[in-house]
Amino acid sequence: MHSIILRTATVFLKYLLLVFSVYLLLGGHNEPGGGFVGGLVAASAFILFAIAYNVEEARKRLRIEPAVLIGIGLLTALFSGLIPVILNKSFLTGVWFHGHSEIFGDIHIGSPLFFDVGVYLVVLGVTVKIIFSLLEEV
Amino acid sequence: MVLAVFSLFLFSFFTPFLCRVFQKKSGWLFSLLPLSLTLYFLSQTSLILQGQTLTHTFEWVPLLNFSFSFHLDGLSYLFAMLICGIGTVIVFYSGSYLEGDRYLGRFFCSLFVFMGSMLGVVLSNNVLVLFVFWELTSLSSYFLIGYNHEKKESRYAALQALLVTGLGGLALLVAVLMAGSAVGSFEITVWVERWQTLISSPYISAIVILVLLAAFTKSAQFPFHFWLPNAMQAPTPVSAYLHSSTMVKAGIYLVARLNPVFSETPLWFTTIEIAGLTTMIVGAVLSFTQNQYKLVLAYMTVTALGMILFLLGMGTAYSVAAALVFILVHALYKAALFLIAGAVDHETGEKDLRKLSGLRSKMPLTAIIALVCGLSMAGVPPLFGFIGKELFLESTLKTQLFYPLNIWVVSFTSLFIVCAACFTGLKPFFGKLAVTPKKPHEAPLALYLGPLIFAVLSVGFGLYPKVLDSFVTASVHTLVRSSSDHVHLALWHGFNQAFFISMTVLAVGVAFYLLRDVSLKLFKPLAIFKSLGPEKAYQIFLKILNSVAKTQTLILQNGFLRYYVFFIILTAVFLCGWVVFLHQETLQMTFNFSDIKFHEFLLVLLIIAATLASTVLRSRISAIISLGVVGYGVSVIFVIFGAPDLAMTQIVIETLIVVLFILVFYHLKPFQNLSSKGSKLRDALLALSAGALMTFLVLAAQDVQYAESISPYFEQNSWLLAHGRNVVNVILVDFRALDTLGEITVLAIAGLGIFILLKLKLGKK
């Protein structure tokens with residue numbers, strides 16, 4: 001689509017959407033959000049780009065083939081479930097690390113976060129894969 | 001022991017890579033694994049001879065009482081030795097037989113999977129685990145039979161074997177579940193202990209029939225025997241291994257293993273006796289009419305399987321001992337003869353027995369081995385086959401069931417066996433040298449070493465049968481309840497009835513063979529059965545199955561999305577509506593509009609209006625936009641009722657759906673109104689009833705509380721256990737993470753599926 005307004009806006013919107021999606025992903029455990037909606041928002045960033053410019057450009061920006069993203073996402077979710085297995089707990093039990101640092105204050109990192117990252121990647125991959133394939137046919 | 005089974009599975013993963021590295025040497029190298037397993041089982045011999053069992057249990061799903069429990073007793077020991085011992089030979093034989101083949105790595109992969117699953121079948125004590133391995137043998141056998149997948153016959157035979165044995169597998173599962181719930185345990189040892197509980201179960205007849213169905217299909221008993229000769233499409237080492245010495249004996253193993261449980265049921269032993277007798281004579285006669293080397297042997301295998309089953313069915317200590325000995329006898333000579341058939345085919349390029357003769361001068365060693373194995377098969381003293389046959393005849397003479405019919409059937413069968421032994425063991429190697437497609441020469445070491453070992457064992461066990469005495473006694477103990485008599489194996493039993501029959505059969509059999517051309521004419525009329533036999537029934541059944549599947553697909557899944565949706569909603573409305581109708585008095589709707597606020601009312605009105613608009617609008621874009629209004633309206637409702645997560649997701653999804661729709665519409669023809677008035681009315685009715693039902697269910701659900709709500713638990717523990725304040729997210733990634741994992745997997749597969757559909761369509765252009 002040749003629309004200068006859309007293209008210019010997209011340059012900014014893309015980053016805004018991506019940052020927002022990561023915010024949703026990371027904050028999702030305590031505030032509204034999460035991997036699913038985060039993945040959708042990230043996908044919409046790339047889809048917006050693909051509509052404003054073209055799919056080829058959007059693919060370049062994504063860098064990784066969507067199908068690979070799906071695979072990485074599934075594996076991430078699976079392995080986050082395997083972390084507790086190594087610690088002799090049952091599959092997918094949440095395992096947490098609590099720490100403190102000068103810069104960030106209290107830190108809580110748990111295996112559910114990695115699980116959510118997996119969900120994020122799968123949703124991003126699937127959505128982008130479908131819509132890119134459809135766009136390429138147009 | 002657990003390691004023994006799983007090492008084979010683990011190894012199978014690496015065979016394709018290792019095969020590429022070691023090329024020609026891979027056959028010899030790979031055979032080291034089954035060889036070491038053979039030695040491992042050999043080291044357990046003293047334990048077995050003392051009548052002890054070795055058990056290993058490895059918890060799998062402790063909550064369901066489901067564990068990998070393995071045990072090694074006499075019967076398992078015999079089979080494990082056959083599987084690993086013959087397996088060793090098969091592996092290096094295949095390395096040479098299939099040298100330079102493109103898919104050798106793949107072949108070894110399936111072969112090792114098969115070996116592992118077969119070992120699993122004979123070692124598992126838990127019937128559910130046994131079932132899993134049982135199915136795995138069918139599956140790996142499918143790949144092995146269909147190894148030459150470019151040939152149509154191979155694919156047909158592979159599918160046939162899979163379907164027939166798969167039918168048995170299903171029967172086994174049902175039987176195992178029924179019997180398991182009757183006894184309250186899935187451990188075979190417990191079944192043997194509580195056999196009285198099991199056979200007094202009201203479903204005992206069904207259980208027996210299903211177990212036997214599983215055993216008969218796997219062990220190619222009449223009328224399921226037809227898949228076995230067809231399976232000869234497989235490479236020869238596979239035929240030798242799966243279809244003569246191991247897999248087809250899985251059914252035999254099952255019968256032997258469960259004999260102490262069911263042996264008091266008349267249905268059990270009469271069915272086995274009838275099937276055994278029928279199978280042995282049918283196999284023998286059919287084998288006589290064949291000319292292909294492997295096919296003669298294949299039908300002989302059918303016969304032998306019938307004989308073993310017949311022996312097991314008698315259920316006395318003596319006959320079970322005879323069965324065990326015969327399993328070993330048969331495995332030794334039949335595997336050897338199959339491998340020789342492969343070697344002869346490999347060196348001469350000729351499969352037809354009529355065109356093979358006089359190879360003795362060119363392949364002297366192979367000829368001697370074949371002679372020994374052939375004589376063992378015919379039951380000539382002092383070979384092991386003679387002992388097997390003596391035991392077989394004596395057990396038959398001792399039984400009362402079907403007397404004297406059984407003696408006649410058994411004698412005639414033996415006659416044909418002698419005939420086939422001459423035909424396969426002697427004919428190709430003696431007489432005048434015939435011209436063959438390839439110039440014959442002695443087979444390489446890998447091709448004759450295995451048969452040589454088997455032949456030596458046949459001679460050795462024949463001359464010193466005493467070495468097996470204590471083993472047979474110890475094993476029979478676990479297989480027959482109340483067995484007190486010891487069985488002594490000996491070459492010489494004296495001038496008794498069995499010896500007399502044996503010698504007569506031998507003489508008449510040889511005469512019969514010499515007059516083969518004349519006697520074949522006697523069997524000409526049997527050709528009719530070929531077109532009416534069980535295989536025809538199999539084909540007709542498949543045809544019917546396919547046409548039913550085709551018809552129902554044409555009706556229910558004809559490629560028009562509107563019918564899919566129509567049938568799905570119709571089914572849902574019908575089933576739910578039926579239940580609601582049955583329980584109408586317990587369900588109540590309470591209408592309470594008092595706390596509805598004005599803006600909520602407006603919102604609902606907007607959603608309804610937009611929904612109506614989407615059905616009547618004539619432009620696709622406007623219809624989509626009005627659907628979008630519905631979606632956004634719903635997300636506003638989520639916001640009002642405090643579900644920000646849902647609202648957010650809904651908004652993004654709605655946006656993406658609009659994009660999707662527009663992209664899809666690009667491919668459609670301009671909007672046309674093709675639906676007739678009638679179909680519109682029908683759709684409207686269905687839509688309205690679905691909506692009404694849903695509304696009713698939602699309203700009714702407000703009042704019904706079956707169990708305590710789980711929401712308070714999540715709210716309380718979300719922060720304490722899972723360190724998250726967003727309960728929705730905590731449920732998704734922690735409390736119900738397994739569900740989410742399943743969902744993203746489905747999502748991934750659906751995504752790839754859509755991609756493939758799109759690419760397929762592009763391919764057509």
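Author: In this predicted model, Val61 of chain B stands opposite Phe66(B), a residue of strand β2(B). The pairing to which these strands belong joins β1, residues 54–61 of chain B, with β2, residues 66–72 of chain B; the two run in the antiparallel sense and are linked over 7 bridges. Together β1(B) and β2(B) form a hairpin, with 4 residues between the strands. In the turn, Asn65(B) has a positive phi of about 65 degrees.

The C-alpha trace of chain B spans about 110 × 60 × 55 Å along its principal axes. Of the 765 residues in chain B, 42% are buried. Among contacts in chain B with a separation of 6 or more, 78% are between residues 24 or more positions apart.

One residue illustrates such a setting. Leu479(B) lies in helix α22 of chain B, which covers residues 466–479. Leu479(B) counts as buried because it has 24 C-beta neighbours inside 10 Å, where 20 or more are required. Apart from neighbours within four places in sequence, Leu479(B) is in contact with Leu75(B), Ala256(B), Asn259(B), Pro260(B) and Val320(B). Between the C-alpha atoms of Leu479(B) and Glu390(B), which are 89 residues apart along the chain, the separation is 21 Å.

Helix α14 (residues 249–262) and helix α16 (residues 293–314), both of chain B, pack at an angle of about 5 degrees, and their axes are 10 Å apart. The angle is therefore one that makes α14(B) roughly parallel to α16(B). From α14(B), the contact is made by Ile252(B), Val255(B), Ala256(B) and Asn259(B); from α16(B), by Leu305(B), Ile308(B), Leu309(B) and Leu312(B). By class, the residues of this contact are 7 nonpolar, 1 polar and no charged.

Finally, chain B also meets chain A: 37 residues of chain B are in contact with 39 residues of chain A. On the side of chain B that touches chain A, the elements giving two or more residues are α30 (644–665), α33 (727–735) and α34 (737–764) of chain B. The largest share, 14 residues, comes from α34(B). This side of chain B divides into 25 nonpolar, 9 polar and 3 charged residues.

How values were computed:
Residues numbered from 1 in each chain as written. Chains lettered and ligands numbered in written order. Predicted model: local features only at pLDDT ≥ 70, side-chain atom pairs only at ≥ 80, totals over all residues. Axes fitted to C-alpha atoms, helices over the stretch in contact; angles between N-to-C directions. Parallel < 35°, antiparallel > 145°, perpendicular 65-115°, else oblique. Contact = placed C-beta atoms within 7 Å. Nonpolar A, V, L, I, M, F, W, Y, C, P; charged D, E, K, R; others polar. Pairing = 2+ DSSP bridges. Buried ≥ 20, exposed ≤ 12 C-beta atoms within 10 Å, placed from the backbone.
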